[in-house]
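Subject: Structure for your review

Hello,

Please find the structure below, followed by notes on what was found in it.

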Amino acid sequence: MSLLFPKREKPFVPSKMIILLILSVSSFLNPFISTSVNTALPSIGKTFGVGEVTQMWVVNAFLFTSSVLLLSFGKWADRVGPYRLFIPGLFLFGLGNAGSALGLSVGFMIASRVVQGLGSAMLYASVFPILTKTFPKEKRGLILGVNLAIVSIGLTAGPFLGGIITDAMGWHWMFWVVSALSFVLWGFAFVLFKDLKEPPKVHPHPFDVRGAVVYTLGMGGVIGGLTELTTPWGFLFLVGAILLVVFYHIEKKTDEPMLDTSLLTENKLFLLSNLSCWYIYAASFICIVVLSLYAQNFLGYSASEAGLLLMVQAIMMSITTPLSGRLSDKHNQSLVTLFGQVIYAIGSLLLFLCVYFEWAPYWLYISMTVCGIGYGSLLTPLSNTIMSSVGKHQLGTASATLSSMRQIGQSSGLSLGMVVTAFLSAKFFGNRFVGEVPVELKKAFAQSHSQVIFFIVFVLSVLAIVNGYLTYKHSLKTDR
């Protein structure tokens, strides 16, 4: 056996390009499956005979889990090394996709999506630190830019390719493909990254277990309670909010906290910019989920046609994101962000008017084009503002907070949409978990549901403008 697998005297270090390739594929699969599921929701609903509320839980189970755990895993990656999270995270991600593909029941699928979200949080928390450790400082910006571009490609390709796979082979195959690629990738990472795991470190302070538990329960209570606001379980929202207040006071007194509370109390630019993140991610994610349902349930689009509609925004994002990055290098970053917020609000208003007045379907494409320009214009300068508003010793915390805010925004935005969906389902059908209904009644529900949701998206985008203006005014004081 030793002849076949001789013991290495020196640790094996794969080439930087191999490391980049493995990380890039994982960075593609994560957003790909996140957005491709949106176009498959009506098909999943038909398979299990469930309505929109349960369909949205298929999406939210993944986002919810990733949201509440990402901050804890980010801190844990700093302590044990990112490779110790990346490898098991990739395995759990593949396992969750395999469980979803089996389609045994809607409950089993939601549980599998929880496992998938667990793996996703571990991947999000480890990819950037690995890239930072692997590449020299002079190439770091380029490499991180390549990784973000691959994430954008995953977001762009997800709705369209997911729709094609759903129409051609069924939604199960979308998960089977991602699961197979994840396990193949895990096999390579397990072998090639084995010697890259950092040896255990001695830390002067223990991991903030108490803070991690309280934060996870608090954030879980807020998002879960918001989702169930129309039921007796809505009290969890208040419990979660109280726990987050407790978490804040715990972090103030902890020697090595998960979250540096001074960022929230003493750094107004950081706080306001993160609030802008929440507004825009909450608005944009519930927008694309409900637009997919509207296109298929009201307009009669196929899954691939709905995916093409959703892809319009992602394409415009991929075009405008690098352009806005260059613009923010020459001008005030918060001002560029504010410009993008205004454009996105215009697009969301067009989307609401299009559905409310039943304009021709091509207006949907125009609306999503405008939304994509606005969304892409604000992402880079907003991220740069957050990262540049902190000191070097706080970059890890700032990065984890930014990633958490993205996931929390998407999950809480979807939860807010689920409240509306549950309320309207009860009003239309007398049951918030209704499944199969007559086509005409389903079309009427889809139109009313979309009108309310898109109006909420517009309100959130207006609030983002107000917050963005306050951020810009404060940035002028900071620059002096």
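**Helix packing**

On one side of the contact between H1 and H3 are Ile 19, Ile 22, Leu 23, Ser 26, Leu 29, Asn 30 and Ile 33 of H1, and on the other are Tyr 83, Phe 86, Leu 90, Phe 93 and Asn 97 of H3. By class, nine of these residues are nonpolar, three are polar and none is charged. Please keep in mind that this is a predicted model.

In general, a packed pair of helices is described by the angle between the two axes and the distance between them. For H1 (residues 16–48) and H3 (residues 83–102), the axes come within 12 Å and cross at roughly 40°. Angles under 35 degrees would count as roughly parallel and 65 to 115 as roughly perpendicular, so H1 is oblique to H3. The crossing of H1 past H3 is left-handed.

H1 also packs against H4, where the axes come within 10 Å and the crossing angle is roughly 155°. That angle is over 145 degrees, and the two helices are therefore roughly antiparallel to each other. H1 passes H4 in a left-handed crossing. From H1, the contact takes in Lys 16, Ile 19, Leu 20, Leu 23, Ser 26, Ser 27, Asn 30, Ile 33, Val 37, Ile 44 and Phe 48. From H4, the residues are Val 106, Met 109, Arg 113, Gln 116, Ser 120, Leu 123, Tyr 124, Val 127, Ile 130, Leu 131 and Thr 134. The contact of H1 with H4 divides into 14 nonpolar, six polar and two charged residues.

The remaining pair is H3 and H4 (residues 106–134), which pack at an angle of about 150° with their axes 7 Å apart. That makes H3 roughly antiparallel to H4. Here the contact has 18 nonpolar residues, 11 polar and one charged. H3 passes H4 in a left-handed crossing.

**The second largest pocket**

How much space lies in the second largest pocket? The volume is about 710 Å³. Its lining consists of 25 residues, and those nearest the centre of the pocket are Met 219, Leu 244, Leu 264, Met 405 and Ile 408. Helices H7 (209–227), H8 (235–253), H10 (268–297) and H14 (395–429) are the elements that give two or more residues to this lining. H8 provides the largest share, with six residues. By class, the lining of the second largest pocket has 19 nonpolar, five polar and one charged residues.

**A backbone angle**

Glu 358 has a phi near 55°, a positive value in a residue other than glycine. Where is Glu 358 located? This residue lies in the loop between helix H12 (333–356) and helix H13 (362–388).

Regards

Notes. Residues are numbered from 1 along each chain as its sequence is written. This is a predicted model: local features need pLDDT of at least 70, side-chain atom pairs count only at pLDDT 80 or more; totals for chains, interfaces and linings use all residues. Side-chain values use heavy atoms; hydrogens and water are left out. Axes are lines fitted to C-alpha atoms, for helices over the stretch in contact, and angles run from 0 to 180 degrees between N-to-C directions. Helices (H or I, at least four residues) and strands (E, at least two) are DSSP runs, numbered from the N terminus. A crossing is left-handed if the near helix is turned anticlockwise from the far one by less than a right angle, and right-handed if clockwise. Contact means heavy atoms within 4.5 Å. Ala, Val, Leu, Ile, Met, Phe, Trp, Tyr, Cys and Pro count as nonpolar, Asp, Glu, Lys and Arg as charged, and the others, Gly among them, as polar. On a 1 Å grid over the protein atoms alone, a cavity is a set of points where a 1.4 Å probe fits but cannot get out, and a pocket is an open set with protein on both sides within 12 Å along at least five of seven lines; lining residues have an atom within 4 Å of a point. Grid points are joined across faces, edges and corners, and a volume is the space filled by probe spheres set on the points.
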